[in-house]
Each structure stands twice: as C-alpha cells, then as structure tokens.
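Here are my notes on the model you sent over, as a few numbered points. Please have a look at the structure first, and then we can walk through it together.

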Protein chains: 2
Amino acid sequence: MSESQMAPRRPGGRGSDIGRPRDPDMDQAILRATIELLSEVGYVRVSVAEVARRAGVSKPAIYRRWSQKSQLVVEAMVTQMRPGNDNDSGSAADDLIALTDQLIDLLTLTPLGRVLPGLVAEMAADPVLAASYRNLIIKPNVRHWHAAIERGIASGELAGDTDVDFVINALVGPLYFNLLITGEPIAAGYARAAVHLVFARYKTASS
Amino acid sequence: MSESQMAPRRPGGRGSDIGRPRDPDMDQAILRATIELLSEVGYVRVSVAEVARRAGVSKPAIYRRWSQKSQLVVEAMVTQMRPGNDNDSGSAADDLIALTDQLIDLLTLTPLGRVLPGLVAEMAADPVLAASYRNLIIKPNVRHWHAAIERGIASGELAGDTDVDFVINALVGPLYFNLLITGEPIAAGYARAAVHLVFARYKTASS
DNA sequence: CTCTTACGTAATTATCAGTAACGTAACAGA
DNA sequence: TCTGTTACGTTACTGATAATTACGTAAGAG
C-alpha cells in the first residue's frame, strides 16, 4: 500500500508509531515558512510549492502532515496566538478595553489580518476547516471575553440581564467589518468607545 | 489590432460606439446565469465556463464585458440590490431598526450571503475590485444609514456629538462577524437590541 | 459597400492543489 | 544484524480553471 493512502493525515500530530519518525525540525521549518510567506503575500498567493522551497522541504513532506493548504495555514496561525492573559484588573470595563486592544493588535500587527480574508473564503466552502478555525483560534479567545463579562456581572458593574454573546459581538464585530469589508483602519480609541457604548446600556445603577 | 487588446474593458458599459453593437440580451443572460450559479454553489465554485454554458454564450463574450470573474460577480450582485428606501418614519430608532432588518434580509435571503466570503478574499488581493464593491454595494447602502442618523441628531433623538460612523459600525459589524466568522445565525431581535444599545449611549435627555 | 466591432469555436497558456511512483534513509523490535 | 514500516526527496502527473488568442463569420453604422 502506498503511503499516500493512509487515511488519517493527523495534521500537526505524529504519523504512525512505527517506522521512521517524522523530523520535528521539519514541522517547524514548514510553519515558519508559511507564516513568512503569509505575511508577505496574503493567503491567496501562498502556494504550497513555494512554502516547500523556503522551508527546504519537499511538497509531499507537507502533504504528509497537512491534508490541505488551508489546514496548514490555520495551524501556522495558531502558533502566532499569544496565550491570552486573563488579567483581572478588578474593573470589567478596563479588562474589556484591554481585550479589545489586544484583538486590534492581533488583527493589525500579526499576519492574521492578511490571512483572514482568504481563510474566510475557504471556511465558507469547507465546514471542517471552519470548525478547526473556530475551535483553535476563535474559541480560546472568546473564553477570556466571556470571563471578563461574567466577572462584571458578578461584581455588579454590569446588569444581571446582560446578554454576554451580544456584547461580545458588539465589541468585536466592527473590527472584523473594518478589516474584511471597508478596509478602513480602526479608529483610534475604538476600544474605549465601544466599551463605553456597552456600559451605557448594561451598567447597573450603583456602578 | 486584435479585439482583446482594447485597453479598457468597460465592464457593464457598452463597447465601442462604432462597429457591431453588443447584444444587450446577452448582458442580461450572463448576469442572470451568474446569480443563479452563485446562489447554488457560492463564489468559489462558480466558473466562468459554466456561466457561459448556462447563459448560452461563449466565454470570450463574457470577458469582453468583464475583465475578471470577480468584476462580473460584483455587477451581478448590484442587480440584486433593491433601491434603498429612505423611509422617514419620524423616528430615527424605527428607521435604524428597519434598515438593520433590511440588511439582515440582504445577507441571509439573497445570494449576497453566499457570495461575500469569496468576494472578501478577492477584495483583499485586488484593490480595484475592492473599490468597485465598496462603491457599488456598500456606499449606496451606508448613505441611508447616515441619513437616518443625521435626522435623529437634527430631531434631538440623538445627541449632537453622536459619532455617525461609529454607530453604523456598531450596528452592522456584528452581522458581518456572524456571517463571515462564526457562521452562527443572527439572533432574533438583533435589530431592536442593537439600536437599543446605541440609543442607551447617544439619546438625549429630552427624548 | 466598407469599416469596425461582436460573436462562437477551439485551442492554448499558466497556475496551482493535490497524487502517485520509486528509490533511499531512518527508526523499532526481534 | 536483519526485517518491517514509515519518512523523505525527486520527478512526474492529473485535474480544475482563470484568462487569452486566432480565426472565420455576423451585424450594425455611415
């Protein structure tokens, strides 16, 4: 049986337990080359052949690890995510502003901003990829937002009937809208203004 | 000189003034076939060859009118836009709710929702296309939002320092975020809740 | 009529994702 | 040390599809 017929590709994980092991340096080299190319030319113009060339690796070596270009890109982006800090400053408003500013940095300073448009297109056509992206990139981030808002509710800064998901959407939605649709830069002071908007609606009388 | 060297393709417009005129029925047939395919399979899987087949037209006939698949798709989407009604109900809040609900319909009921992800990717790689999309689709719509908000400010429903663009982003951003990133359906009652959020921040004391 | 452009057919170029075949290299376990 | 299994590189290939070109014919304008 030829190697290319092994059913599960186990992206990012090891291959089989027996036989010659995969070279871990290769994984790193591929991911690094992917990030590099991604930030230079954006998703659409990244070709697997060019990634292979820059990583000093063969194309089959890449497809042995990731079944699709899009999966490779998602994993490469995961390596760019900083471990989100659950900074509890004691003020939910300040925490939300910090989280918003962090997201702005992520979308404008890391390659993610250049990657997202192409990835969005792939996600729409590939549910498996969409699930990967949401589980690996979105969910871990949203967790912190949830926590900050829940803390605000618990402390009385935010009303008990605060709609957590609605608030998160209200804060992050405009950022993606700017990045993906209008192409305009995010206004300075956005984080503060957006959080202010939310608190005008959901703050309690006491706070 | 061969026809394919004519520098400006004049998408959607007429060709030259002399010589055999273009068949206007063809324009319609092409656009109709494009919309049809678009709603069936989404942007990525639309091929120009298949559009040509369904329209009963040759491929060069399409490229004579539109220089790229993406331009064709944008023009096809334009034909789907209803002429925005500047319904002035007397209440800016009601007008904004109506506009938001209209946008939700546009994104979920027309093919635009299936087209947008692929288009976003093209826009990121093609500034000319991005400009087309923004001028033909986004701007005409935003005009109504602007007007509604300005009316609200003039009537005293909204504070004089209301940041118009910020408000528009706050209302529409989450819709695009859901459509393009999370893939989750838009919550029932979103329009009302979002407008409520804005008014909690920007309403005047008198209103 | 003549000029010019539109049109269809058919072939072509170019790019790129993803596979396949095959020989060689590396590790695990007997 | 031998054997089985998998990784790796090289090379070639398939398949899809955007975009172009050549050429002969059709249809208008003046």
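1. Let me begin with a helix of chain B. In H2(B), which covers residues 48–55, the buried residues include Val48(B), Val51(B), Ala52(B) and Ala55(B); buried means under 20% relative accessible area, with a 1.4 Å probe and protein chains only. Viewed along the axis of H2(B), these buried residues fall within an arc of 100°, so they line one face of the helix. The arc is that of the directions from the helix axis to the C-beta atoms. Helices here are DSSP runs of H or I with at least four residues, numbered from the N terminus.

2. A word on the ground rules. This is a predicted model, where local features need pLDDT of at least 70 and side-chain atom pairs count only at pLDDT 80 or more, while totals for chains, interfaces and linings use all residues. Residues are numbered from 1 along each chain as its sequence is written, chains are lettered from A and ligands numbered from 1 in the order in which they are written, and side-chain values use heavy atoms, leaving out hydrogens and water.

3. What do the buried residues of H2(B) pack against? Their partners are H1, H3 and helix H4 (69–78) of chain B. After H2(B) comes Gly56(B), which has a positive phi near 65°.

4. Ile35(B) sits in helix H1 of chain B, residues 24–41. Ile35(B) is buried, at a relative accessible area of 11%. Apart from neighbours within four places in sequence, Ile35(B) is in contact (heavy atoms within 4.5 Å) with Ala76(B), Met77(B), Thr79(B), Gln80(B) and Pro111(B).

5. Now the DNA. Helix H3 (59–65) of chain A and helix H3 (59–65) of chain B each supply at least two of its residues, and the largest share, four residues, comes from H3(B).

6. Which parts of DNA strand C lie within 4 Å of the protein? Of those atoms, 65% belong to sugar or phosphate and the rest to bases. On the base side, a polar side-chain atom of Arg20(B) lies 3.0 Å from a base nitrogen.

Notes: A residue is near a molecule or strand if one of its heavy atoms lies within 4 Å of it. A polar contact is a pair of N or O atoms within 3.5 Å; within protein, one must be able to donate a hydrogen and the other to accept it, and residues adjacent in sequence count only if both atoms are side-chain atoms. Buried means under 20% relative accessible area, exposed over 50%, partly exposed in between (1.4 Å probe, protein chains only).
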